[in-house]
Every structure is written in structure tokens, then in C-alpha cells.
Amino acid sequence: MSKGSRSRIKDQAKFNKGFDKIFNKEPDIPELNVEWQCYCNKINEVRESYGLNSKVFTANDQERFAKAHKKKYNI
């Protein structure tokens with residue numbers, strides 16, 4: 001069996017994460033997830049204080065938040 005006959009990737013998830021970092025698809029920003037959770041909690045606390053139902057946040061809401069976060073911190 002020659003060297004090129006099989007894939008050398010042992011951990012596909014780790015490979016994909018590294019590939020995305022190298023080619024700037026999405027930077028890994030752990031603070032962004034923490035700030036997103038704080039933002040969601042605060043919004044729902046304010047809504048609750050006015051007697052409104054909790055807001056269910058969508059993936060689109062999270063993307064808009066991420067764009068605003070990156071713009072604010074020049075990332």
C-alpha cells in the first residue's frame with residue numbers, strides 16, 4: 001500500500017476547525033459566545049419585567065450580534 005492510498009486525517013473535526021481558522025471562514029472567539037448568552041439573558045430579563053414572553057433568538061439574530069461585536073472590537 002502506498003502513502004497516497006488513504007487519508008492521513010485522524011481527527012476530522014480538529015482538521016476542519018484548523019482549516020477554517022487558516023482560511024478565515026470564522027474565527028474562534030470564545031468571548032463572543034459568553035457575550036451572546038449575557039445579551040440573551042438581559043433581553044429576556046427586561047421583557048419579563050414588562051410582562052412579556054421570553055424571546056426565542058434565531059441563528060440570524062446571533063449572526064447579526066456577531067457582526068456588531070466584531071465591528072465594535074475591530075476583529
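Analyst: Happy to! A helix here is a DSSP run of H or I with at least four residues, and elements are numbered from the N terminus. Please keep in mind that this is a predicted model.

User: In what order do the elements of the protein run from the N terminus on?
Analyst: The secondary structure comes to three helices and zero strands. Read from the N terminus, the order is therefore written with helix symbols, numbered along the chain: α-α-α.

User: What share of the residues of the protein counts as buried?
Analyst: Buried means under 20% relative accessible area. Of the 75 residues, the share that passes this cut-off is 13%.

User: How far apart are the end C-alpha atoms of helix α2, and what span should its residues give?
Analyst: Helix α2 covers residues 30-49, which is 20 residues. At 1.5 Å a residue, they should span 28 Å. The end C-alpha atoms agree with that, being apart by 29 Å.

User: Where on α2 do its buried residues fall, seen down the axis?
Analyst: The buried residues of α2 are L32, W36, C40 and N44. In an α-helix, residues three or four places apart point the same way, because there are 3.6 residues a turn. Seen down the axis of α2, the buried residues fall within an arc of 100°, so they line one face of the helix.

User: Which residues are exposed on the other side of α2, and what does the cover of its buried residues include?
Analyst: On the other side, V34, K42 and S49 are exposed. As for the buried residues of α2, what covers them includes residues 59-72, that is, α3.

Methods: Residues are numbered from 1 along each chain as its sequence is written. This is a predicted model: local features need pLDDT of at least 70, side-chain atom pairs count only at pLDDT 80 or more; totals for chains, interfaces and linings use all residues. Side-chain values use heavy atoms; hydrogens and water are left out. Helices (H or I, at least four residues) and strands (E, at least two) are DSSP runs, numbered from the N terminus. Buried means under 20% relative accessible area, exposed over 50%, partly exposed in between (1.4 Å probe, protein chains only). The expected span of a helix is 1.5 Å times one less than its number of residues. The arc is that of the directions from the helix axis to the C-beta atoms. Contact means heavy atoms within 4.5 Å.
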